[in-house]
Amino acid sequence: MHSGHCQSLVEDGFYDPTITLQRHIAAYVFEPLLRKELHEFKNQHRIRYNRRAVCPGGVPDDLYTLSDDCKQDIDPDVLAFLLVKYGCDAPGFYPEEFGALASHFLAIIQLTQDEITPTNCRDIYCYLLGMLSSILPHKY
(Lines give C-alpha, C1' and ligand atoms only; values in the text may rest on other atoms or scores of the structure.)
Protein backbone atom coordinates (compact mmCIF):
# COMPACT_ATOMS: atom_id res chain seq x y z
CA MET A 1 0.00 0.00 0.00
CA HIS A 2 1.27 3.44 -0.74
CA SER A 3 1.05 6.40 1.61
CA GLY A 4 -0.15 8.41 -1.38
CA HIS A 5 -3.61 6.84 -1.07
CA CYS A 6 -4.04 8.17 2.45
CA GLN A 7 -2.44 11.53 1.75
CA SER A 8 -4.66 12.15 -1.28
CA LEU A 9 -7.78 11.40 0.80
CA VAL A 10 -6.72 14.08 3.27
CA GLU A 11 -5.73 16.58 0.58
CA ASP A 12 -8.97 15.99 -1.35
CA GLY A 13 -11.07 16.52 1.79
CA PHE A 14 -12.35 12.95 2.08
CA TYR A 15 -10.60 12.11 5.34
CA ASP A 16 -10.56 14.05 8.59
CA PRO A 17 -9.16 12.07 11.52
CA THR A 18 -11.35 14.01 13.95
CA ILE A 19 -14.51 12.54 12.38
CA THR A 20 -15.25 9.13 13.91
CA LEU A 21 -17.15 7.80 10.88
CA GLN A 22 -14.22 8.56 8.60
CA ARG A 23 -11.77 6.91 11.03
CA HIS A 24 -13.94 3.79 11.12
CA ILE A 25 -14.17 3.61 7.33
CA ALA A 26 -10.42 4.13 6.98
CA ALA A 27 -9.76 1.36 9.50
CA TYR A 28 -12.22 -0.97 7.74
CA VAL A 29 -10.63 -0.35 4.34
CA PHE A 30 -6.94 0.04 5.15
CA GLU A 31 -6.35 -2.17 8.21
CA PRO A 32 -6.56 -5.47 6.28
CA LEU A 33 -4.16 -4.10 3.66
CA LEU A 34 -1.69 -2.98 6.29
CA ARG A 35 -1.98 -6.29 8.12
CA LYS A 36 -1.30 -8.22 4.90
CA GLU A 37 1.70 -6.09 3.99
CA LEU A 38 3.16 -6.37 7.49
CA HIS A 39 2.70 -10.13 7.40
CA GLU A 40 4.46 -10.35 4.03
CA PHE A 41 7.28 -8.10 5.23
CA LYS A 42 7.66 -9.96 8.50
CA ASN A 43 8.14 -13.26 6.71
CA GLN A 44 10.61 -11.96 4.15
CA HIS A 45 13.36 -11.08 6.57
CA ARG A 46 15.37 -13.11 9.00
CA ILE A 47 16.03 -12.10 12.56
CA ARG A 48 19.78 -12.14 12.93
CA TYR A 49 21.33 -14.55 15.40
CA ASN A 50 22.44 -12.86 18.60
CA ARG A 51 24.39 -14.90 21.14
CA ARG A 52 23.08 -12.70 23.98
CA ALA A 53 19.41 -13.13 23.02
CA VAL A 54 17.20 -15.61 24.84
CA CYS A 55 15.46 -16.68 21.64
CA PRO A 56 17.13 -17.83 18.43
CA GLY A 57 17.20 -15.96 15.12
CA GLY A 58 15.36 -17.01 12.00
CA VAL A 59 12.21 -16.34 9.98
CA PRO A 60 9.37 -15.02 12.23
CA ASP A 61 6.73 -17.58 11.21
CA ASP A 62 9.23 -20.36 11.91
CA LEU A 63 10.02 -18.78 15.26
CA TYR A 64 6.33 -18.81 16.17
CA THR A 65 6.44 -22.58 16.47
CA LEU A 66 9.22 -22.48 19.07
CA SER A 67 8.75 -23.58 22.65
CA ASP A 68 6.79 -21.41 25.05
CA ASP A 69 10.08 -20.26 26.62
CA CYS A 70 10.44 -17.68 23.85
CA LYS A 71 6.84 -16.46 23.77
CA GLN A 72 5.36 -13.69 25.86
CA ASP A 73 1.68 -13.27 26.62
CA ILE A 74 0.08 -9.85 26.40
CA ASP A 75 -1.19 -8.69 29.76
CA PRO A 76 -5.00 -8.22 29.38
CA ASP A 77 -4.88 -5.16 31.66
CA VAL A 78 -2.25 -3.50 29.46
CA LEU A 79 -4.30 -4.29 26.35
CA ALA A 80 -7.46 -2.84 27.96
CA PHE A 81 -5.53 0.30 28.98
CA LEU A 82 -4.22 0.82 25.42
CA LEU A 83 -7.68 0.31 23.90
CA VAL A 84 -9.11 3.01 26.18
CA LYS A 85 -6.14 5.35 25.73
CA TYR A 86 -6.31 5.26 21.93
CA GLY A 87 -10.09 5.43 21.69
CA CYS A 88 -10.81 1.95 20.35
CA ASP A 89 -14.37 0.85 20.99
CA ALA A 90 -13.53 -2.82 20.69
CA PRO A 91 -10.47 -5.01 20.24
CA GLY A 92 -10.70 -4.04 16.56
CA PHE A 93 -10.39 -0.54 15.16
CA TYR A 94 -14.13 -0.05 14.69
CA PRO A 95 -17.31 -1.37 16.35
CA GLU A 96 -18.49 -4.80 15.25
CA GLU A 97 -21.87 -3.48 14.08
CA PHE A 98 -20.08 -0.91 11.92
CA GLY A 99 -18.06 -3.67 10.26
CA ALA A 100 -21.25 -5.61 9.51
CA LEU A 101 -22.85 -2.55 7.94
CA ALA A 102 -19.76 -1.76 5.85
CA SER A 103 -19.62 -5.40 4.72
CA HIS A 104 -23.28 -5.16 3.69
CA PHE A 105 -22.54 -2.19 1.43
CA LEU A 106 -19.53 -3.96 -0.06
CA ALA A 107 -21.74 -6.97 -0.82
CA ILE A 108 -24.01 -4.66 -2.85
CA ILE A 109 -21.11 -4.06 -5.24
CA GLN A 110 -20.19 -7.76 -5.03
CA LEU A 111 -16.99 -7.36 -3.00
CA THR A 112 -15.75 -8.58 0.34
CA GLN A 113 -13.27 -6.92 2.68
CA ASP A 114 -10.66 -9.47 1.56
CA GLU A 115 -10.97 -8.17 -2.01
CA ILE A 116 -9.87 -4.64 -1.13
CA THR A 117 -6.54 -3.98 -2.82
CA PRO A 118 -4.12 -1.05 -3.02
CA THR A 119 -5.60 -0.38 -6.46
CA ASN A 120 -9.25 -0.13 -5.41
CA CYS A 121 -8.96 1.00 -1.77
CA ARG A 122 -9.45 4.72 -2.46
CA ASP A 123 -12.57 4.10 -4.53
CA ILE A 124 -13.98 1.74 -1.90
CA TYR A 125 -13.26 4.24 0.88
CA CYS A 126 -15.10 6.99 -1.03
CA TYR A 127 -18.00 4.63 -1.88
CA LEU A 128 -18.43 3.62 1.78
CA LEU A 129 -18.10 7.23 2.90
CA GLY A 130 -20.94 8.24 0.60
CA MET A 131 -23.17 5.33 1.53
CA LEU A 132 -22.57 5.41 5.28
CA SER A 133 -22.67 9.21 5.58
CA SER A 134 -26.18 9.16 4.16
CA ILE A 135 -27.49 6.76 6.80
CA LEU A 136 -25.19 7.41 9.76
CA PRO A 137 -24.84 11.19 9.83
CA HIS A 138 -24.68 11.52 13.60
CA LYS A 139 -24.34 8.04 15.08
CA TYR A 140 -20.61 7.64 14.46
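This is a predicted model: local features need pLDDT of at least 70, side-chain atom pairs count only at pLDDT 80 or more; totals for chains, interfaces and linings use all residues.
1. Basis. Residues are numbered from 1 along each chain as its sequence is written, and side-chain values use heavy atoms, with hydrogens and water left out. Local features need pLDDT of at least 70 and side-chain atom pairs count only at pLDDT 80 or more, while totals for chains, interfaces and linings use all residues.

2. Helix H5. With 13 residues, H5 reaches 19 Å from first to last C-alpha, close to the expected 18 Å (1.5 Å times one less than the number of residues). Helices are DSSP runs of H or I, at least four residues, numbered from the N terminus. Phe98, Gly99, Ala102, Phe105 and Leu106 are buried in H5 (under 20% relative accessible area, 1.4 Å probe, protein chains only; exposed is over 50%, partly exposed in between). These residues lie on the same side of H5, because they cover an arc of only 125° around the axis, taken from the directions from the helix axis to the C-beta atoms.

3. Glutamine 110. This residue sits in the loop between helix H5 (96-108) and helix H6 (121-135). Glutamine 110 counts as exposed because its relative accessibility is 71%.

4. Serine 8. Helix H1 (residues 3-11) holds serine 8, which counts as buried at 18% relative accessibility. The side chains of serine 8 and arginine 122 are joined by a polar contact of 3.2 Å (N or O atoms within 3.5 Å; within protein, one must be able to donate a hydrogen and the other to accept it, and residues adjacent in sequence count only if both atoms are side-chain atoms).

5. Phenylalanine 81. Located in helix H4 (residues 76-85), phenylalanine 81 counts as exposed at 52% relative accessibility.

Methods. Helices (H or I, at least four residues) and strands (E, at least two) are DSSP runs, numbered from the N terminus.
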